[in-house]
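Here is my note on the model you sent.

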Amino acid sequence: MTTTAPRPSRTDARGNGAPRRGRLRTWLSAGGAAVAVGYLARRRTRPESAVEADGVKVVVPRRPHGGAWGAVRSGARARAAIAARTLRVDRWWVQPAITFAVLIAFVGYSSFRAFQAAHYFSEPYISPFYSPCLTTACEGNTFPKLWTGPAWISPAIYILIFPLGFRLTCYYYRKAYYRSFWLSPPACAVAEPHRRYTGETRLPLVGQNLHRYFWYFAIIFNGILTYDAVLAFRDRNGHWGHMGLGTLVLVANAVLLWLYSLSCHSCRHIVGGRLNSFSRHPLRYRFWGFVSKLNGRHMQLAWVSLFGVALTDLYVYLLALGVFTDPRFF
Ligand code: FES
């Protein structure tokens, strides 16, 4: 990227550039206002027309009049206002319906497990929903116990906001749940039921801008879950150099979470944004290229890592319940 120094302003023969530009702007403004008023006045006199085609009512917009101004003069048409909700004939609703069902299933399962406050540790494995486990009530010894919380508060509740906030504000998940839960819009070329659109400019959606800060916390959590995966190379007596199927499960979960976090749009901006010249920052450029490649798979990584967290918890849950024993490799 390069920057360009501002050009010196043009002046007239007497060197009075600013007054001359000021007069020109005044004339242009007055002329533009007159054309706009005339155009609007004529639009009011020409009603819209509606046609029926194949049972779909299409409201044909007023044709713009020829004039001496930009798009109107070039004959460009405004978008047709279509009375039907959509003209799509494919099963556009399948994808938002599946997204809705999967997200509801995940929210239901993770809420049940987070509030259960039991069966989240089976030596040497700890569920990702409970890591880092910070209170003296925690099972296992995977993280320093920092305080004694009320017994009725599950240890998972103290840390829930960080992974939850990270996923909720993720650019991909926003698209997914805006479409599947709020139907805003449910799919491309399908009208949304809401009358107004305010974007992410006011509460609560303005909070989506916190995503980059949640990313920093996500990196810390990834480090902790990687540490949990390292601890999984012990046996039930705490001796190092052992491995079971659970070790693989925890390692895979940590890897997927790293890939998901590093493919984040905010991460891409953090490593490669706000630079005027990549050539002066070769290391950041290489990292930016790596993150950009991952970023192209962000949607897939978002889903796979979500399943990874749930399945890792399920694995530890079933071990802790005694449903089966962990197959040991060595
Ligand atoms: Fe999805 Fe950042 S955009 S995690």
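How are helix 3 and helix 10 oriented to each other: roughly parallel, roughly antiparallel, roughly perpendicular or oblique?

1. Orientation of helix 3 and helix 10. This is a predicted model, and the answer has to be read with that in mind. The axes of helix 3 (residues 94-116) and helix 10 lie 11 Å apart, at an angle of about 40°. Angles under 35 degrees count as roughly parallel and those from 65 to 115 as roughly perpendicular; helix 3 and helix 10 are therefore oblique to each other. Their crossing is left-handed.

2. Residues between helix 3 and helix 10. On the helix 3 side the contact is made by Phe-106, Tyr-109, Ser-110 and Arg-113, and these meet Leu-306, Ala-310, Asp-313 and Tyr-317 of helix 10. Sorted by class, this contact holds 5 nonpolar, 1 polar and 2 charged residues.

3. Helix 6 against helix 7. The axes of helix 6 (residues 211-231) and helix 7 (residues 245-262) come within 9 Å and cross at roughly 160°. An angle over 145 degrees counts as roughly antiparallel, and helix 6 and helix 7 are therefore roughly antiparallel to each other. This crossing, too, is described as left-handed.

4. Residues between helix 6 and helix 7. Helix 6 contributes Trp-215, Ala-218, Ile-219, Asn-222, Leu-225, Thr-226, Asp-228 and Ala-229, while helix 7 contributes Leu-250, Val-251, Asn-253, Ala-254, Leu-257, Trp-258 and Ser-261. By class, the contact has 10 nonpolar, 4 polar and 1 charged residues.

5. The largest nonpolar core. There are 23 residues in this core, and those touching the most other members are Tyr-120, Tyr-125, Ile-126, Tyr-130, Leu-250 and Val-316. Two or more residues come from each of strand 5 (125-126), helix 6, helix 7 and helix 10 (298-321). Helix 7 gives the largest share, 5 residues. As general background, nonpolar side chains in soluble globular proteins tend to be buried together.

6. Val-316 and the second core. Leaving aside residues up to four places away in sequence, Val-316 touches Tyr-120, Ser-122, Tyr-125, Ile-126 and Ser-127. A second, separate core has 10 residues, among them Phe-166, Ala-218, Cys-264 and Cys-267. Ala-218 also belongs to the helix 6 side of the contact with helix 7.

7. The chain as a whole. The chain has 10 helices and 5 strands. Of its 330 residues, 20% are buried. Among contacts with a separation of 6 or more, 61% are between residues 24 or more positions apart.

8. Two cis peptide bonds to check. Most peptide bonds are trans. The bond from Ser-131 to Pro-132 is cis, with omega near 5°, and Pro-132 sits in the loop between strand 5 and helix 4 (155-168). The bond joining Leu-203 and Pro-204 is also cis, with omega about 0°. Pro-204 is in the loop between helix 5 (171-180) and helix 6.

9. Most residues other than glycine have a negative phi. Ala-189 has a positive phi, near 65°, and lies in the loop between helix 5 and helix 6. Ala-189 has 11 C-beta neighbours inside 10 Å and therefore counts as exposed. Arg-274 is not a glycine either, and its phi is positive at about 60°. The loop between helix 8 (265-272) and helix 9 (282-295) holds Arg-274, which counts as exposed because it has 6 C-beta neighbours inside 10 Å.

10. Gly-149. Is Gly-149 buried, exposed or partly exposed? With 16 C-beta neighbours inside 10 Å, Gly-149 counts as partly exposed. Gly-149 is placed in the loop between strand 5 and helix 4. Not counting residues up to four places away in sequence, Gly-149 touches Thr-135 and Ala-137.

Conventions:
Residues numbered from 1 in each chain as written. Predicted model: local features only at pLDDT ≥ 70, side-chain atom pairs only at ≥ 80, totals over all residues. Axes fitted to C-alpha atoms, helices over the stretch in contact; angles between N-to-C directions. Helix = DSSP H or I, 4+ residues; strand = E, 2+ residues; numbered from the N terminus. Left-handed = near helix turned anticlockwise from the far one by under 90°. Contact = placed C-beta atoms within 7 Å. Nonpolar A, V, L, I, M, F, W, Y, C, P; charged D, E, K, R; others polar. Core = buried A, V, L, I, M, F, W, Y, C linked by C-beta atoms within 7 Å. Buried ≥ 20, exposed ≤ 12 C-beta atoms within 10 Å, placed from the backbone.
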